[in-house]
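Let's take a walk through this model together, from its charged side chains to one of its pockets. Keep the viewer open as you read.

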Amino acid sequence: MKTINEYCEFLLLSDRLEDKLKYPPDDLIDLKGFNKKIPSLPARETKIQISDQKSKIPRLEHLHLNINRGIALHHFANHELMATEIFAWALLKFQNISDRSRQDLFSSLKEEQKHLRLYIERMKELGIEFGDRPLNGIFWKYISFMQTFEKFSAIMSLSFEGANLDYATIYQKTFSQF
C-alpha cells in the first residue's frame with residue numbers, strides 16, 4: 001500500500017476486524033483520482049456483520065454490573081467501527097475536496113481506530129468480546145444522503161458525533177460512579 005486511497009479500499013474490502021484496526025503506514029501519499037466502484041457497505045467477517053437484530057444498550061441504573069458496562073461499551077465500539085469505515089468511504093468518495101479536508105478525514109479515521117481499540121480492550125476486561133452482540137449499521141443507512149462532502153460533514157458532525165457528545169457526559173458520570 002502506497003496511497004491513502006489504497007489503504008481506504010483495503011479497509012473497506014477486508015472483512016477482518018484486525019485489518020480494520022491496522023494503523024496505516026506513516027508514509028502513505030494522497031494521490032487523488034480513485035475511480036473504482038466504492039462499496040455501499042463494508043465487508044465484515046461473520047462475527048462483526050451488520051445485523052437487523054436489535055440490541056438495546058443497558059439502562060444507566062443497570063451499569064453497576066460489569067457485563068452491562070461491557071455491553072454499553074460494545075454499543076460505543078460499534079459506532080467507532082462504523083465511523084472508521086465511513087471515513088474510509090468518504091476519502092474514496094470525495095476525491096476533489098481540499099488537501100486539508102482529506103487530511104482531516106484521514107486523521108479522524110485514525111482517531112476512530114484508536115477509540116475502537118480502547119473500547120475492545122476494556123470490553124475484554126469486562127467479559128465481552130466485540131461481536132458478541134448484534135451490530136447495527138445505522139451510519140451506513142444514511143449513505144444515500146451523504147453524496148456530497150458538505151452533506152457528509154453535516155450528517156456526521158451534527159447527527160452522529162453531536163449525539164455522541166450529548167451522551168458522553170451522562171455516561172462519564174455514570175461510569176465514574178461504578
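**Charged pairs, a buried arginine and a pocket**

R59 counts as exposed, with 52% relative accessibility; here buried means under 20% relative accessible area, exposed over 50%, and partly exposed in between, using a 1.4 Å probe on protein chains only. Its partner E61 is partly exposed at 43%, and the side chains of the two meet in a salt bridge, 2.6 Å from N to O. A salt bridge here is a side-chain nitrogen of Lys or Arg within 4 Å of a carboxyl oxygen of Asp or Glu.

Elsewhere, salt bridges with shared partners join R16, E18 and D19 into one network. R16 pairs with E18 at 1.8 Å, N to O, and with D19 at 3.6 Å, again N to O. Look at how these residues are placed: R16 is partly exposed, with a relative accessible area of 36%, E18 is exposed at 53%, and D19 is buried at 10%. In total, the structure holds eleven salt bridges.

Before going further, a word on the ground rules. This is a predicted model, in which local features need pLDDT of at least 70 and side-chain atom pairs count only at pLDDT 80 or more, while totals for chains, interfaces and linings use all residues. Residues are numbered from 1 along each chain as its sequence is written, and side-chain values use heavy atoms, leaving out hydrogens and water.

Now turn to R69 in helix α3, residues 66-93; helices are DSSP runs (H or I, at least four residues), numbered from the N terminus.

Our last stop is the second largest pocket, with about 210 Å³ of space. Of the 14 residues that line this pocket, S51, Q53, K54, N136 and G137 are the closest to its centre. A pocket is an open set of points on a 1 Å grid over the protein atoms alone where a 1.4 Å probe fits, with protein on both sides within 12 Å along at least five of seven lines; lining residues have an atom within 4 Å of a point.

How values were computed:
Points joined across faces, edges and corners; volume = space filled by probe spheres on them. Helix = DSSP H or I, 4+ residues; strand = E, 2+ residues; numbered from the N terminus.
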